Amino acid sequence: MTEPQEKQTTRRRAPAMSPEQRREMIIQTAIPLIAEYGAAVTTAKIARAAGIGEGTIFRVFADKDELLQACVAEALSPEHAVRELDAIDVSQPLPDRLAEAAEALQAHMARMGAIVGSLGHRGGKHPGTVRGAGRDESTTRIRAALAELLEPDKATLRRPPEQIAALFFGLLFAQPRTEDEPDLTSQELVELFLHGALSRDAK
């Protein structure tokens, strides 16, 4: 009696990525490594983290310099922050909406700072590529998304939503740090923004 033959199974290969998808995957893998190692990160380290051969990187990027520039541009892109702002439930009370917005934008700015700060001047032209018109466009899009969050309360605002959005964004971007006081939470920051510096008892 012969032993039953084992059924042969064929492994299905995962669908091949398009060059654009592979490029995006490499960038997303590289960003945290750049934040940690700066310009000293190697393409070999990035390839290992991405689970690909190092040569695959150079099929979608001309060289390491181009990869670093792409990562800086991605970190400073407003796309992710705008998507998070657009996803905030506008039926919530205004303070809750703004607190969520503050958390999303603070995370966005921390990511920007980590990438640009880790590269510093060692990255050559990288930080400079995101200045000027690109930065202005990013700020404009984020302010517009903030204004949309304010729109349901337009009748109760002292100034137009667009101006309030610009002020709120400026406060987040320039939030001061003090050595002897803990940083404000998102809720505390929103409370201060909406109701001013005076305590309720003083009003």
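Residues are numbered from 1 along each chain as its sequence is written. Local features need pLDDT of at least 70 and side-chain atom pairs count only at pLDDT 80 or more, while totals for chains, interfaces and linings use all residues, and side-chain values use heavy atoms, leaving out hydrogens and water.

Confidence comes first. Mean pLDDT, the predictor's confidence in each residue from 0 to 100, is 84 for the chain, with 82% of residues at 70 or more. Helices here are DSSP runs of H or I, at least four residues, and strands are runs of E, at least two, numbered from the N terminus.

Where pLDDT is low, the predicted coordinates should not be read in detail.

Next, the annotation. An unreviewed UniProt entry lists residues 42-61 as "DNA-binding region"; such annotations may be inferred rather than shown by experiment. That span is 75% helix and 0% strand, with its end C-alpha atoms 14 Å apart.

Lys45 lies over the face of Tyr37, 4.8 Å from the ring centre; the criterion is NZ of Lys or CZ of Arg within 6 Å of the centre and within 35 degrees of the ring normal.
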